Amino acid sequence: MGAVAAHGEDGKVSQQGADHQLKDLDAGALFVLKSKGSWLHCGYHLTTSIVAPPLLSLPFAFTFLGWAAGVAFLLIGAVVTFYSYNLLSLVLEHHAQKGNRQLRFRDMANQILGPKWGKYFVGPIQFMVCYGAVVACTLLGGQCMKTIYLMSKPDGPMKLYEFIIIFGCLMLILAQIPSFHSLRNINLVSLVLTLAYSACATGGSIHIGTSSKEPKDYSLNGDTQDRLFGIFNAIAIIATTYGNGIIPEIQATVAPPVKGKMFKGLCICYTVLSLTFFSVAISGYWAFGNNSEPLVISNFLADGQTLVPKWFVLMVNIFTILQLSAVAVVYLQPTNEVLENTFSDPKRKEFSARNVIPRAVSRSMSVIIATTIAAMLPFFGDINSLIGAFGFIPLDFVLPVVFFNLTFKPSKRSIVFWLNVTIAVVFSAIGVIAAVAAVRQIGLDAKTYRLFANV
């Protein structure tokens, strides 16, 4: 079962009560979602899961929106997600204080919306989002490795799928880290890496923008229909960049009492987010205009030549690869939790042969499948936009406000009630339209798709 008995108001629990809680936990909660972390660790997990290399695609999103709309949607995304994640945290704290601490997103859906919602809607969507993020990180890691390779051997024979496999081998090792809490130090390093490659992306963009004599073009391309669909495609990109999808699982790693700790963690995360998202988006779009690539660091190369020193491009890509590995292993945790729950025995010790062998085999198979998908479908970025529209928007923009209204039942005359209803309705509509836009983009790009393509 996914809920544990709450601690007393003073946060102290007797040893007998603690033992009782451990007996009630399933293997996934007991071994993967250990509640041992501090608010600082929470901040590291949040930052790694939200402030990730997809932020390098923000200048590309601006090409569909222009200056005013681009900055506006970036601000709206920051405000709404910070608000929604705090509401989700308050709902989790409320259930913990009532003696029913929820450790997983699907547990929340079961408790608030009913069992079918958790089993057939929230659970599958969260799995799709998180596993899709693992595939996307593996693909992007392979692309960064290929960039480094081509700098030293422009006509080298190695193909993209080979670099994806190399990155997958790194993930095979990291996937064996036993619990979410065990990632706290890795995610601290990840936070530093985020600041490093974001500063490099910003500095590189400013350097190229100031040294280039070519006029910058910020006009929106295409006819009215293309521009309209482009807007919603950009919204899906921004939503995916702000997306998390694992707030309950991150809060589950916090040691009781949980009250107020998630808010402090979110403050750490959004401080880093503010420093990185806006600097990269604005500097990248300013430097490259509507020629911004889906990853802004791709603009550092033109016609096989680097526009910044080679060592700089090498450094940026190494920072990105290392952080991608941390992001991927964070988004593996919901899958690890399900696998642990399926194959492990909570009555046996965590590192007994009975639990270690199925853990190693199942996690390895999970990584192998994700790596195979990434190698087969190097156009997965288009598919990821669809996943963002179908997954991140419901999980991060819609469900938190719905959960809050159903749990706390604010007065229908209150501002909070109607603000939450407005967010739910508006972002549900945006999610549907963004999904249509993503499907349309897949249709337009389908002619270029080829299995194991060397793109």
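Select C269 to begin: its sulfur lies 9.1 Å from the closest cysteine sulfur, in C42, too far for a bond, a disulfide being a pair of cysteine sulfur atoms within 2.5 Å. C269 is buried, with a relative accessible area of 0%; buried means under 20% relative accessible area, exposed over 50%, and partly exposed in between (1.4 Å probe, protein chains only).

This is a predicted model, in which local features need pLDDT of at least 70, side-chain atom pairs count only at pLDDT 80 or more, and totals for chains, interfaces and linings use all residues. Residues are numbered from 1 along each chain as its sequence is written, and side-chain values use heavy atoms, with hydrogens and water left out.

Colour next by pLDDT, the predictor's confidence in each residue, from 0 to 100. The protein has a mean of 88, and 94% of its residues reach 70 or more. In residues 1-22 the pLDDT is below 50, and this stretch has 31 contacts in the model beyond near neighbours in sequence (contact: heavy atoms within 4.5 Å).

Move to C200, which is buried at 9% relative accessible area. From its sulfur, the closest cysteine sulfur, in C144, is 13 Å away, too far for a bond. The disulfide count is 0.

Now select L339 in helix 13 (residues 333-343); helices are DSSP runs (H or I, at least four residues), numbered from the N terminus. L339 is buried, with a relative accessible area of 17%. Leaving aside neighbours within four places in sequence, L339 contacts S344, S362, R363 and S366.

Finish at I369 in helix 14 (residues 353-376), which is partly exposed at 43% relative accessibility.

Technical notes
Helix = DSSP H or I, 4+ residues; strand = E, 2+ residues; numbered from the N terminus.
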